[in-house]
Amino acid sequence: MAGRFAPRPTRTTARGGHVVVPAGVPRQVAPGRVRTYVPKEPLDLGLVLGPLRRGPADPTFRALPDGSVWRTARTPGGPGTLRVSARGGEVRGEAWGPGAQWLLEQFPLLLGDADDPSAFVPRHRVVAMARHRRPGLRLTRTGLVMESLIPSILEQKVTTDEAYRAWRLLVRRFGEPAPGPSPVPGGLFVLPAARTWALIPSWEWHRAGVDNKRASTILRAVRVAARLEEGVSMAAGEARARLEVVPGVGPWTSAETVQRSHGAADEVTVGDLHLPGIVGFALAGDRYADDSVMLELLEPYAGQRHRAARFILLSGRVPDRRAPKMPRWDIGTL
């Protein structure tokens with residue numbers, strides 16, 4: 001009876017063809033390219049790379065319990081996957097895919113090598129204490145514009161939960177599986193190419209909960225993606241000006257983008273719903289501060305205002321919530 005159910009040779013195997021690997025068998029992945037980096041000062045991977053994560057289930061980013069950080073990117077050389085891990089005083093980067101070489105070339109910049117934290121001088125006790133407790137903060141520089149611009153547009157005037165959901169659904173639906181091994185079941189994904197974003201049908205935006213205004217802004221941006229990516233070679237202020245030429249991209253979105261793409265230490269986010277009140281409360285006890293008050297309070301940190309805001313957020317000194325959370329409106333259910 002056993003022989004009755006034994007697998008029989010197929011036409012493919014009889015002719016020397018490849019045998020299909022059954023589902024569930026681990027995929028063999030070749031080792032990636034490796035580069036090591038020794039930071040000059042203490043480095044906290046979570047603080048440095050954390051701003052690149054768009055929610056706990058971001059399909060392009062994952063931080064694992066072993067301390068390693070995985071991220072995917074669509075580089076000038078193609079899609080790539082990067083694993084970053086720290087041990088002792090050394091940081092190791094391993095990359096896979098057509099974009100592996102580019103990712104490793106940019107590896108030190110991603111870890112804040114071009115950042116100069118010594119230029120920052122605390123002017124308030126709360127900021128000084130946060131800096132003392134978090135000496136490993138560096139400002140990352142990805143060298144990529146669209147990967148920060150598109151999710152920033154999705155985050156315009158909606159709750160973070162709504163924005164993260166839209167990003168997750170769209171990248172998984174229209175992105176491509178990331179090259180290399182997978183750190184999680186289902187794998188990571190590389191964000192769609194500019195042309196793919198441009199071809200997303202209207203009903204898919206609707207299903208993801210993205211209104212027409214934000215979808216239209218993304219469509220206008222991807223049509224000039226090559227010109228926007230050129231902004232990485234410009235100063236942060238000039239790159240912001242180029243971004244804001246795109247209708248629908250304002251000061252909030254451009255600042256959120258260059259903070260990541262350029263590692264811009266002075267590009268503070270204005271137009272945010274919560275940041276002015278947090279800064280005002282931390283530095284002056286004013287929970288109702290607006291953008292003008294926030295900028296006035298951050299004036300002593302000119303040249304380093306974004307870094308000062310990061311330390312304030314890390315200080316944990318935030319006003320108590322006095323109103324219910326902003327309601328979530330899912331247009332995908334309409």
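A charge sits over a ring if NZ of Lys or CZ of Arg is within 6 Å of the ring centre and within 35 degrees of the ring normal. The views below are close-ups of a predicted model.

**Figure 1. Two arginines are placed over aromatic rings, R287 over Y288 and R173 over F174.** The charged end of R287 sits over the ring of Y288, at 5.7 Å from the ring centre. In the other case, R173 lies over the face of F174, and the distance to the ring centre is 4.9 Å.

**Figure 2. The chain as a whole has 16 helices and seven strands.** The chain has 334 residues, and 47% of them are buried. Among the contacts in the chain with a separation of 6 or more, 66% are between residues 24 or more positions apart. The views that follow pick out some of the places where parts of the chain meet.

**Figure 3. W70 and W96 form a stacked aromatic pair.** A pair of aromatic rings is described by the distance of the centres and the angle of the planes. A search of the whole structure finds five such pairs. In the pair of W70 and W96, the centres are 5.7 Å apart and the planes are at 5° to each other. W70 belongs to strand β3 (residues 69-75) and W96 to strand β5 (residues 90-96), so the pair links distant parts of the chain, 26 residues apart. Both W70 and W96 are buried.

**Figure 4. F120 and F311 form a tilted aromatic pair.** The ring centres of F120 and F311 are 5.4 Å apart, with 35° between the planes. F120 is in the loop between α4 (107-110) and α5 (125-133), while F311 is in helix α16 (residues 305-315); the pair therefore ties together parts that are 191 residues apart in sequence. F120 is buried, and F311 is buried too. Ring pairs also bring in Y301, and F120, Y301 and F311 are linked into a cluster.

**Figure 5. Helix α6 and helix α13 cross in a right-handed way.** Two packed helices are described by the angle between their axes and the distance between the axes. Here α6 covers residues 146-154 and α13 covers residues 251-261; their axes come within 9 Å and cross at roughly 145°. On the α6 side, the contact is made by S148, L149, S152 and I153. On the α13 side, W252, T253, E256, T257, R260 and S261 take part. Sorted by type, the residues of this contact are three nonpolar, five polar and two charged.

**Figure 6. Helix α13 is mostly covered, with ten of its eleven residues buried.** The buried residues are W252, T253, S254, A255, E256, T257, V258, Q259, R260 and S261. What covers them includes α6, α12 (236-243) and α16. Just after α13, G263 takes a positive phi of about 65°.

**Figure 7. A264 is found in the loop between α13 and α14.** The relative accessibility of A264 is 7%, so A264 counts as buried; the cut-off for buried is under 20%. Leaving out residues up to four places away in sequence, A264 touches L139, A236, V258, Q259 and H306. One of these, A236, is 28 residues from A264 in sequence, yet their C-alpha atoms are 6.3 Å apart in space.

**Figure 8. Helix α14 is mostly covered, with eight of its ten residues buried.** The buried residues of α14 are L275, P276, G277, I278, V279, G280, A282 and L283. Their cover includes α5, α15 (291-297) and α16. Just after α14 comes G285, with a positive phi of about 70°.

**Figure 9. K157 has a positive phi, near 55°, in a residue other than glycine.** K157 is placed in the loop between α6 and α7 (160-174). Its relative accessibility is 74%, so K157 counts as exposed; the cut-off for exposed is over 50%.

Technical notes
Residues numbered from 1 in each chain as written. Predicted model: local features only at pLDDT ≥ 70, side-chain atom pairs only at ≥ 80, totals over all residues. Heavy atoms only, no water. Phe/Tyr/Trp six-rings, centres within 6.5 Å; stacked < 30°, edge-to-face > 60°. Helix = DSSP H or I, 4+ residues; strand = E, 2+ residues; numbered from the N terminus. Buried < 20%, exposed > 50% of the residue type's maximum accessible area, 1.4 Å probe, protein only. Axes fitted to C-alpha atoms, helices over the stretch in contact; angles between N-to-C directions. Left-handed = near helix turned anticlockwise from the far one by under 90°. Contact = heavy atoms within 4.5 Å. Nonpolar A, V, L, I, M, F, W, Y, C, P; charged D, E, K, R; others polar.
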